[in-house]
Structure formats: C-alpha cells, structure tokens
Amino acid sequence: MNYFNLITEKWIPSNKGNVSIEDCFVNETITFIGENARETISLFKFLSAIGTAATMFKTNEEQKNCSFKSFKENVKDYLYRNYNDFYMYGEKPFLQFTKLKEYNKDEFVCTKCLKNLIPTLLNNNPIILYDHQNYSNSDELKAKLLVLELGFCGNSKDAFSSALK
C-alpha cells in the first residue's frame, strides 16, 4: 500500500513551518527552506531538479518566454502527472534502493541509524543542534534524510550503507 506522498505531505522545513513540495512551488511567501546550510543546499538541488524536469524547453526562446505563472503551472502538472512516483512507501518507494523493500516502515531509518545520517551527530559536533529540532523516527525526518543523503552522496564514506546493516 502506497503512503506518505512527498508532493502533498508537509516534510520540508521552512519559514512557514513544514511544507510540501507543492507548497514550495506554489506558496510565494516561503522565503527559505532547510534548518542549516546542508539541508538548504540539498533541498534546493532537489526542488531544482523537479523544476527542470517539469519545464524541459526545446529552444532558448521558449525558456526566455516562460513566465513565473507558466513555470508554476508546468511544475504542478508534472507533480500530479507523476504523483505515484513520489510515495515514500509502497510498490515503488521514491529514490530508494531495492534492498530497502525487505525492511518495514519502522526499520527504514531506525533511531540508532539516525546518528549515522545526521552529520552533526555523526561528527559528535552538536553546535547546530537546537531545542526545536526533533530527531524522532518520523516520516518527515526520513524523507528529509533521504533527500539530504542523496543530495550529498553521503556525509562520510559509509554513512548510508551503515543504515542498512
């Protein structure tokens, strides 16, 4: 059964609280995303890839004539055309390795594995940890960690693979 769709679930930290992918492209009052530089860069790369996939121009002229309104419409169309490809769990989990199918939801990124995936905890450097940051084993955190890990190809040489052991 498919559940936790990244398009509509609110999992991206922003100045408006947690927002969805759709919110990032539609809500013009969102002025920043991420809680630190690493998150901001990874999420921006992720959202840029979606924007690029949604607006593949055939000519430079098409690109120059693309308005912000048409860009938002193209992205929204793209997201809903590919809605089933953005589920965290189910038949085709988003950006996940086939091996993860043998794990259940709670074991995907277990609490003990979070230390391996959160750079400040991995390096024993709690300088940017704040009281409002919640490192529970939530679906929102799992989605964010998946994008962060793939955006930077691992914080250390074995950070992601250690989560699978």
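This is a predicted model: local features need pLDDT of at least 70, side-chain atom pairs count only at pLDDT 80 or more; totals for chains, interfaces and linings use all residues.
Visitor: Which residues of α2 are buried?

Guide: The buried residues of α2 are Arg 38, Glu 39, Ser 42, Leu 43, Phe 46, Leu 47, Ile 50, Gly 51 and Ala 54. As a general point, an α-helix has 3.6 residues a turn, so residues three or four places apart point the same way.

Visitor: Which element gives the largest share of the lining of the largest pocket?

Guide: That element is α2, with 4 residues. The pocket itself has a volume of about 340 Å³. Of its 15 lining residues, those closest to the centre are Cys 24, Phe 25, Ile 33, Phe 44 and Leu 47. Two or more lining residues come from each of α1 (21-26), α2 and α4 (68-81).

Visitor: How many residues of each class are in the lining of the largest pocket?

Guide: The lining has 10 nonpolar, 4 polar and 1 charged residues.

Visitor: Why is the pair of Tyr 83 and Tyr 87 called edge-to-face?

Guide: The search of the whole structure finds 4 aromatic pairs. In the pair of Tyr 83 and Tyr 87, the ring centres are 5.7 Å apart and the planes stand at 90°.

Visitor: Is Tyr 87 buried or exposed, and how do you know?

Guide: Its relative accessible area is 14%. Buried means under 20%, so Tyr 87 is buried.

Visitor: What makes the phi of Phe 4 worth a remark?

Guide: Most residues other than glycine have a negative phi. The phi of Phe 4, by contrast, is near 60°, a positive value in a residue other than glycine. Phe 4 lies in strand β1 (residues 3-5). At 7% relative accessibility, under the 20% limit, Phe 4 counts as buried.

Visitor: How do you know whether Ser 20 is buried or exposed?

Guide: Ser 20 has 2% relative accessibility, and the limit for a buried residue is 20%, so Ser 20 counts as buried. Ser 20 sits in the loop between β3 (17-19) and α1. A polar atom of its side chain lies 3.2 Å from the backbone oxygen of Ile 7.

Visitor: What does the side chain of Ser 14 reach, and is Ser 14 buried or exposed?

Guide: The side chain of Ser 14 reaches the backbone oxygen of Gly 17 at 2.8 Å. Ser 14 belongs to strand β2 (residues 12-14). With a relative accessible area of 13%, under 20%, Ser 14 is buried.

Visitor: How many helices and strands does the chain have?

Guide: The chain has 8 helices and 4 strands. Along the sequence they follow the pattern β-β-β-α-α-α-α-β-α-α-α-α. Of the 165 residues in the chain, 40% are buried.

How values were computed
Residues are numbered from 1 along each chain as its sequence is written. Side-chain values use heavy atoms; hydrogens and water are left out. Rings of Phe, Tyr and Trp (its six-membered ring) pair if their centres lie within 6.5 Å; planes under 30 degrees apart count as stacked, over 60 as edge-to-face and the rest as tilted. Buried means under 20% relative accessible area, exposed over 50%, partly exposed in between (1.4 Å probe, protein chains only). On a 1 Å grid over the protein atoms alone, a cavity is a set of points where a 1.4 Å probe fits but cannot get out, and a pocket is an open set with protein on both sides within 12 Å along at least five of seven lines; lining residues have an atom within 4 Å of a point. Grid points are joined across faces, edges and corners, and a volume is the space filled by probe spheres set on the points. Ala, Val, Leu, Ile, Met, Phe, Trp, Tyr, Cys and Pro count as nonpolar, Asp, Glu, Lys and Arg as charged, and the others, Gly among them, as polar. A polar contact is a pair of N or O atoms within 3.5 Å; within protein, one must be able to donate a hydrogen and the other to accept it, and residues adjacent in sequence count only if both atoms are side-chain atoms.
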